[in-house]
Amino acid sequence: MPSNRNKQNAFYYFMLDWRKQEEKKGCVFNNMKEVQSDPKLNQAWRNLTSNEKLIYKEKERNCKLKQNLNKKTNLGESVDELLQIQIREKDFHNRMKEYISSIIKEAKRNNSVYTLKFYVIHVNYYCMYNCESPYNYSPAEIALVEFSLGKGVMRSYQKIINSEIKKGYAYEVNIHSNSSHQIPREPDFGEKNYGQIFKEICQFVRSNKENERLPPLFTLFNVEQIKNSVMSVINLLANFDQECNDNFDVYSFEELFVNLYNNLKAESDNAIDEVIVSLQIKKDPFNYKTSLCCDFHKIGCGGNFCSKSIVQRWIFVLFSYVCSLLKINLIPGYHMPIENLDFNDGQELNRSFAALNIFGDTRNYRLPSNWNSNNTTKSPSERTYRDEEVRKSQSKPLIIYQGSFKHGSTKHSISSHEQSYPLSVEDFQSDRSVGIHIPENKFSSIGRGVTLKRYIQKNNL
Ligand SMILES: [Zn+2]
């Protein structure tokens with residue numbers, strides 16, 4: 001007789017059937033104990049063929065599966081469901097890593113990493129609903145930026161969204177909005193049509209559609225709230241576009257950053273990982289740059305929380321690490337904020353880049369040599385008359401790249417190194433070369449950014 005009589009094993013299921021058969025014949029059992037102690041039961045079990053026993057073993061297996069399915073954690077979540085989610089997430093991460101690594105390695109083989117286009121996304125929301133729905137974020141602003149290492153930040157798409165807020169959430173909306181993006185509840189100027197926004201986003205990336213598939217969108221994965229809000233809002237918008245059967249994969253910006261750096265670095269250099277990348281992005285050294293904001297945030301408060309500004313700030317941190325590995329010079333307005341020209345001789349920029357320095361030296365960024373010299377690192381009030389004279393004597397003709405870069409004609413480059421930019425002149429001249437040459441006699445040195453700005457505005461340059 002099988003030992004574990006009290007467990008729901010194969011013998012237990014046989015015993016239930018045997019009892020029914022015996023009761024049909026007129027036998028009476030008051031309880032299962034009486035059934036178990038009947039010697040005919042054991043004999044009947046021994047007489048079963050292996051095929052007949054297999055039926056009861058199958059019942060035992062199904063019972064065990066069912067028991068696992070019903071197991072709960074101390075939070076009341078199904079253990080089986082959690083295991084399934086874990087498997088799905090692992091598959092997703094493997095697929096994502098494989099995709100990112102393969103496109104970068106392929107581009108490296110073809111010497112075309114600097115032309116690879118990527119899309120980075122951030123979403124601001126009014127509130128998060130307390131529900132199990134996958135669409136539990138109510139979107140307030142969405143921004144998408146296209147960049148390549150060679151050309152820097154190329155294009156952007158941004159929308160303030162007028163989302164209808166569910167009843168009972170007005171307080172949460174006010175609290176969240178006032179402490180972050182400052183977008184008012186249900187703004188008149190916001191876009192209401194979710195389907196239209198999704199169409200426009202598809203249109204924005206259409207030029208880079210790979211094999212009829214939409215390219216992935218990158219966002220911060222190590223900040224749960226950012227990752228979850230982006231995934232939720234993208235799915236929500238896609239749901240409202242009835243004509244589109246396609247959807248975006250949302251991938252990790254940190255993973256992209258790590259892969260780009262580690263694949264392009266010299267063998268002797270230290271590799272970086274996602275923890276380092278997260279720490280660098282968290283420093284947010286360019287968060288004082290108002291020109292990165294959308295029109296709404298440029299004139300209002302909450303500029304640091306502007307989605308358009310946030311994605312560019314992430315990308316600029318990436319540029320400060322990766323561009324120098326390809327000898328790509330950092331161009332204001334494309335690889336770093338344009339306002340740098342307004343600051344006293346780049347001191348502010350020096351501080352921003354210094355904040356990112358993880359290796360204890362300056363090899364990961366390039367600054368103009370005069371920005372690092374003794375006399376120019378002093379603020380105007382700190383300079384002596386002699387400092388000022390020396391500074392002026394060292395001044396060079398200045399070209400302002402207002403949103404462009406003209407290779408080959410650079411008299412004052414943002415880098416102190418020789419130009420080694422791998423793109424052809426035509427790459428820039430074809431679609432964006434609108435470099436402005438400021439006459440030398442108008443300005444005494446590079447430290448006159450504010451005057452320069454006025455000159456540009458006055459002359460409509
Ligand atoms: Zn904004």
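User: What stands opposite valine 145?
Analyst: In this predicted model, valine 145 faces serine 156, which belongs to β3.

User: Which residues make up the two strands there, and in what sense do they pair?
Analyst: Strand β2 covers residues 137–148 and strand β3 covers residues 152–160. The two are paired in the antiparallel sense, over eight bridges.

User: How many residues lie between β2 and β3?
Analyst: There are three residues between them, and the two strands form a hairpin.

User: What is the order of the strands in the sheet?
Analyst: The order is β3-β2-β1-β4-β5, in an open sheet of five strands with mixed pairing. Strands β3 and β5 (250–252) are at the edges; each has a single partner strand, so one side of each lacks a neighbour in the sheet. From one strand to the next, the twist averages 35°.

User: How do β1 and β2 run, and how many bridges join them?
Analyst: β1 and β2 run antiparallel and are joined by 10 bridges. Within this pairing, methionine 128 stands opposite tyrosine 137 of β2.

User: And β1 with β4, parallel or antiparallel?
Analyst: Those two run parallel, with two bridges joining β1 to strand β4, residues 217–219. Tyrosine 119 has leucine 217 in β4 as its bridge partner.

User: Is β1 mostly covered or mostly open?
Analyst: Strand β1, residues 118–128, is mostly covered, with 10 of its 11 residues buried.

User: Switching to helices: which strands does α9 lie across?
Analyst: Helix α9 lies across β1, β4 and β5, and runs at about 50° to β5.

User: What is the angle between α9 and α10?
Analyst: Helix α9 (residues 253–264) packs against helix α10 (residues 274–283) at about 110°, and their axes are 9 Å apart. At that angle α9 is roughly perpendicular to α10. The crossing of α9 past α10 is right-handed.

User: Which residues meet there?
Analyst: From α9, the residues are Glu254, Glu255, Phe257 and Val258; from α10, they are Glu274, Val277 and Ser278. Sorted by class, this contact has three nonpolar residues, one polar residue and three charged residues.

User: What about α9 and α12: how are they packed?
Analyst: Helix α12 spans residues 307–322, and its axis is 10 Å from that of α9, at an angle of about 10°. The two helices are therefore roughly parallel to each other. Their crossing is right-handed.

User: Which residues of α9 and α12 meet?
Analyst: Phe253, Phe257, Leu260, Tyr261 and Leu264 of α9 meet Trp314, Leu318, Tyr321 and Val322 of α12. By class, the contact contains nine nonpolar residues, with no polar and no charged ones. Phe257 also takes part in the contact with α10.

User: One more topic: where is lysine 59?
Analyst: Lysine 59 is in helix α4, which runs over residues 50–69.

User: Why does lysine 59 count as partly exposed?
Analyst: Lysine 59 has 17 C-beta neighbours inside 10 Å. A residue counts as buried at 20 or more and as exposed at 12 or fewer, so a value in between is partly exposed.

User: What does lysine 59 touch beyond residues up to four places away in sequence?
Analyst: With those residues left out, lysine 59 touches Ala10 and Tyr13. As for phenylalanine 14, 45 residues away along the chain, its C-alpha atom is 9.7 Å from that of lysine 59.

Notes
Residues are numbered from 1 along each chain as its sequence is written. This is a predicted model: local features need pLDDT of at least 70, side-chain atom pairs count only at pLDDT 80 or more; totals for chains, interfaces and linings use all residues. Axes are lines fitted to C-alpha atoms, for helices over the stretch in contact, and angles run from 0 to 180 degrees between N-to-C directions. Helices (H or I, at least four residues) and strands (E, at least two) are DSSP runs, numbered from the N terminus. Angles under 35 degrees count as roughly parallel, over 145 as roughly antiparallel, 65 to 115 as roughly perpendicular and the rest as oblique. A crossing is left-handed if the near helix is turned anticlockwise from the far one by less than a right angle, and right-handed if clockwise. Two residues are in contact if their C-beta atoms, placed from the backbone, lie within 7 Å. Ala, Val, Leu, Ile, Met, Phe, Trp, Tyr, Cys and Pro count as nonpolar, Asp, Glu, Lys and Arg as charged, and the others, Gly among them, as polar. Two strands pair if DSSP finds at least two bridges between them.
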